[in-house]
Amino acid sequence: MTMFKVDINGEKQIEIRQGQSLYEGLAAADIFIPSACGGRAICGYCKVKVTKGGGEVTPQELPFLDDGQLNDNIRLSCQVKVNGDISIEIPKGLLAGRLYKCTCSDIEELTADIRRFRFDLVRPKVMNYVPGQFIQFRTPVYFEGGEEVYRSYSIASDPADKSAIELIMRRVPNGISTTYCFDHLNVGDKVTVNGPSGDFHLSDTDSPMIFIAGGSGMAPIRCILNYMRNTSVKRKAVYYFGANKVNELFMLDEMKQFENDLEDFRFVPVVAAPDANEIWTGLTGLVTDAVESDLKNAADYEAYLCGSPGMIEASRKVLGRLGIPEDKIYYDSFA
Amino acid sequence: MKNTPEMEKLDNILRSSRIVAGGFMGQDNRDVNEITQEDTRTVEKLGYSLKQVADRMRLITEQAKKSLGVPVEIDAKLTTCVDEAKGRIVCPWPHPASFDKRLTTVKDIDTGEDITWSDLHIHLIDEHGFFEGRGSSMRIEPEKLIKLIFRK
């Protein structure tokens, strides 16, 4: 069997079997390039920069690459067949990712369609991550015709506890991974995750902060708030958490506790349209409207967003009107 | 008629759970061409084109998107709202197309009858005439859809 050398970022070398795809070869070496389709040139997410070798761009890649990317030798790693030595560049954080065997140790129903899952790390036993990062969860085949798929979820746990991770998932109708987790996964089951990955993290400044999240977007914000408490971060922060109904809010007591634990922190839950039979004395309306009416000028702030694409888009518009520059608005790139 | 290798590959993807849990075909044993042809005929018999149907669905979704999950009224006859999740979903056909994971639910104010579609559905109907196979949990019946979204 012929093996070829793959140089990664000039700092790590691995060997990949001739004919194997770069994506598969990297995964075999515990380097997981984010992908939504598992390497079938359907999603176009698994891009890497190939600086040496790699052959010609294939027709399957062309629809996913613009002229700038083609000029920059960006390729879909799932379509690069290894038939010679290759040099590539990938985000540095992906080199730190590893494969983790875990055991599901707790499942908590937070709302009708949101659950918290806790996974104890079995091998390796410890995960070091930056609060705000995500892992890729490997969903096993759980019915006929299925395939293993990977889905990204932000780490929701207290980073001081390195022996386990918690994820907050919202059920997606017919979603492969959430259907597995909600309908098939039980406490005691073994699962595999890889990571950590992602650049969403608290900046190293003293600027005041706005957090905006909805639904399972709570996950990375909860992790960051735990980190702020653990490390005595004194930055001013306000967290707007939106839901459509009162019964879609969760972890309210825990968030309120952060108001006591952190030096200058406010938690502002906002319910868009409480039902007539729901008792709610907090803010009502869209979370973005609440932000705009609560903060008249936020030019000095940084913003951290996690939620649906629509919520992020609407939040960016509002934050722009409040004076926050675009480069001070951070959100999950995998959203 | 014998299917081409490309059609067989597409059929396999549609019947598998590679993109959505349970696949797109349900218990429908017909091939994808038969399904799309029959549903397209149904749409045309009702006096519409696939494009008209998809355009109306797109318009409703766009109106619903503005309210971030809170129901809004359309023409005092329907309410609609969207439900979004993180991530994107890809088209099973062999071309690059991916969509936000967004579900739009439309409800008839008088009868309570409702239909839910995804952004991917709009594309599947518009580009491929595909409403999903019979028995698929996300299949949209063309007659029911047209009756609801073009309600007079």
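A:Pro124 is found in the loop of chain A that runs between β7 (114-123) and β8 (134-139). The model is a predicted one. The peptide bond that joins A:Arg123 to A:Pro124 is cis, with an omega of about -10°. Another cis peptide bond leads from A:Gly195 to A:Pro196, where omega is near 0°. A:Pro196 does not sit in a loop but in strand β11 of chain A, which covers residues 190-197.

B:Leu68, although not a glycine, has a positive phi of about 50°. This residue belongs to the loop between α3 (50-65) and β1 (72-74) of chain B. B:Ala76 is likewise not a glycine and has a positive phi of about 60°. The position of B:Ala76 is the loop between β1 and β2 of chain B.

The interface of the two chains was examined next. Contacts were found between 26 residues of chain B and 36 residues of chain A. Together the chains bury about 2500 Å², and carbon and sulfur atoms account for 61% of that area. On the chain B side, the most area is lost to chain A by B:Arg18, B:Leu68 and B:Lys86, which together make up 27% of what that side buries.

One salt bridge is found between chain B and chain A. In a salt bridge of this model, the side chain of A:Arg170 meets that of B:Asp83, with an N to O distance of 2.2 Å. Side chains of opposite charge can pair when their charged atoms come close. Seven residue pairs are in polar contact across the interface, with both residues of each pair at pLDDT 80 or more. Two elements of chain B, β2 (78-90) and β3 (98-108), each give two or more residues to the side that touches chain A. The largest share comes from β2(B), with seven residues. By class, this side of chain B has eleven nonpolar, seven polar and eight charged residues.

Over all chains, the count of salt bridges comes to 40. One salt bridge within chain A is formed by the side chains of A:Arg235 and A:Glu302, at 2.7 Å from N to O. This pair links distant parts of the chain, the two residues being 67 residues apart. A:Arg235 lies in the loop between α5 (218-230) and β13 (237-243) of chain A, and A:Glu302 lies in strand β16 (residues 302-306) of chain A.

Rolling a probe the size of a water molecule over the atoms shows where empty space is left. The second largest pocket has a volume of about 480 Å³. Its lining consists of 20 residues, and those closest to the centre are A:Arg40, A:Ala41, A:Gln60, B:Lys9 and B:Pro94. Residues of chain A and of chain B are therefore both present in the lining, which has an atom of each lining residue within 4 Å of a pocket point. By class, the lining of the second largest pocket divides into twelve nonpolar, four polar and four charged residues.

Key. Residues are numbered from 1 along each chain as its sequence is written. Chains are lettered from A and ligands numbered from 1 in the order in which they are written. This is a predicted model: local features need pLDDT of at least 70, side-chain atom pairs count only at pLDDT 80 or more; totals for chains, interfaces and linings use all residues. Side-chain values use heavy atoms; hydrogens and water are left out. Contact means heavy atoms within 4.5 Å. Buried area is the accessible area (1.4 Å probe) that two parts lose on being put together, summed over both. A salt bridge is a side-chain nitrogen of Lys or Arg within 4 Å of a carboxyl oxygen of Asp or Glu. A polar contact is a pair of N or O atoms within 3.5 Å; within protein, one must be able to donate a hydrogen and the other to accept it, and residues adjacent in sequence count only if both atoms are side-chain atoms. Helices (H or I, at least four residues) and strands (E, at least two) are DSSP runs, numbered from the N terminus. Ala, Val, Leu, Ile, Met, Phe, Trp, Tyr, Cys and Pro count as nonpolar, Asp, Glu, Lys and Arg as charged, and the others, Gly among them, as polar. On a 1 Å grid over the protein atoms alone, a cavity is a set of points where a 1.4 Å probe fits but cannot get out, and a pocket is an open set with protein on both sides within 12 Å along at least five of seven lines; lining residues have an atom within 4 Å of a point. Grid points are joined across faces, edges and corners, and a volume is the space filled by probe spheres set on the points.
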